[in-house]
Amino acid sequence: MLTVEHLTKTFPGGKGIFDVSFSVKQGEVFGFLGPNGAGKSTTIRHIMGFMKPDQGVVKIGGLDTWKEQGKVQSMVGYLPGEIAFFDGMTGKSFLDFMAKMQGVKEPSKRNHLIELLQFDVDTPIRKMSKGMKQKVGIVAAFMHEPAVIILDEPTSGLDPLMQKVFIEIVLAEKARGTTFLMSSHSFPEIERTCDRAAIIKDGRIIAVKNIHELQSMQRKLFEVTFGDVSEMRAFINTSGLQVEPVAQDSGSGPRVRVAVQGNYDRFVSETAKYRVSNIDISTQNLEDIFMNYYDREGTA
Ligand SMILES: Nc1ncnc2c1ncn2[C@@H]1O[C@H](COP(=O)(O)OP(=O)(O)OP(=O)(O)O)[C@@H](O)[C@H]1O
């Protein structure tokens, strides 16, 4: 539904995006992650056909988004990182204006979204908080029921309750077959909504990950405290598990960290052979996995 092929744009000074390629299938929610200045918004502006690439092409539904901008935009909903509103407009007059541009005649979807997001459409936009403006932008991006929705940091400015509402709106649209590309700094949001996510750094894609696979691969980390050092050593040498010793705090007994993925039988039977005084359990979360990519140099 959406393909980005070898997209390159170099800004004066050498920044930009370089050979960015990925594709998003119909009905897929695709996350776009990366540190500040990595190139997310620049990529999104090219996807929307607002910028001419130096090299490469973006296609939505088979149409070149730069060359056939007009046609493409009628099938796309877009929430920019920073929305430019006209002076003197209320939420209602802005949405009326957008509805006219989008050719929306039936207001039921718009009214439903306003009800879910809970804001007063009659407030002048200049008096709205950042979160309220964001809500107006979300309604504008979704109300014409486009086939593809492109969202640049959609929940920035939204409170936690509204972030949850937003996730529910995305999941409902996804169930109808809408295709999404969504840049975000929020790992829980990506985890709840996305099928796959790309990580961009210094203008280059360094990884594309399947979120469902990552979730099924998540490891549990057990910190096991033994009765004495000889027992801990025996466990390290004979258990056959992935074990590493943990530096000992004053007062705590000899400890190891055991990483287990999926099958806990061996962990249970091996630890049962010793006097164990404590076990702490933690789950490696997606944020840990992604942060690893944020820090790491190189390509996937
Ligand atoms: N029009 C422009 N002219 C020159 N440099 C630009 C222009 N637009 C973006 N850049 C630079 O390109 C890089 C990528 O910027 P971009 O806004 O795409 O990042 P981002 O990933 O969206 O960041 P953030 O998470 O902070 O929103 C940055 O170094 C930015 O300063």
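## Ligand shell

In this predicted model, the ligand is surrounded by F11, K15, G16, G34, N36, G37, A38, G39, K40, S41, T42 and G81, a residue being near when its C-beta atom, placed from the backbone, lies within 6 Å. The shell has 8 polar, 2 nonpolar and 2 charged residues; Ala, Val, Leu, Ile, Met, Phe, Trp, Tyr, Cys and Pro count as nonpolar, Asp, Glu, Lys and Arg as charged, and the others, including Gly, as polar. Helix α1 (residues 40-47) contributes the most, with 3 residues. Helices (H or I, at least four residues) and strands (E, at least two) are DSSP runs numbered from the N terminus.

## Packing of α4 and α6

The axes of α4 (residues 108-117) and α6 (residues 160-175) come within 10 Å and cross at roughly 150°; axes are lines fitted to C-alpha atoms over the stretch in contact, with angles from 0 to 180 degrees between N-to-C directions. The two helices are therefore roughly antiparallel, the term for angles over 145 degrees.

L113, L116 and L117 of α4 meet M162, V165 and I169 of α6, contact meaning C-beta atoms, placed from the backbone, within 7 Å. This contact has 6 nonpolar residues, with no polar and no charged ones.

## Confidence and numbering

Mean pLDDT (the predictor's confidence in each residue, from 0 to 100) is 90 for the protein chain, and 98% of its residues reach 70 or more. Residues are numbered from 1 along each chain as its sequence is written. Local features need pLDDT of at least 70 and side-chain atom pairs 80 or more, while totals for chains, interfaces and linings use all residues.

Key: Angles under 35 degrees count as roughly parallel, over 145 as roughly antiparallel, 65 to 115 as roughly perpendicular and the rest as oblique. Two residues are in contact if their C-beta atoms, placed from the backbone, lie within 7 Å.
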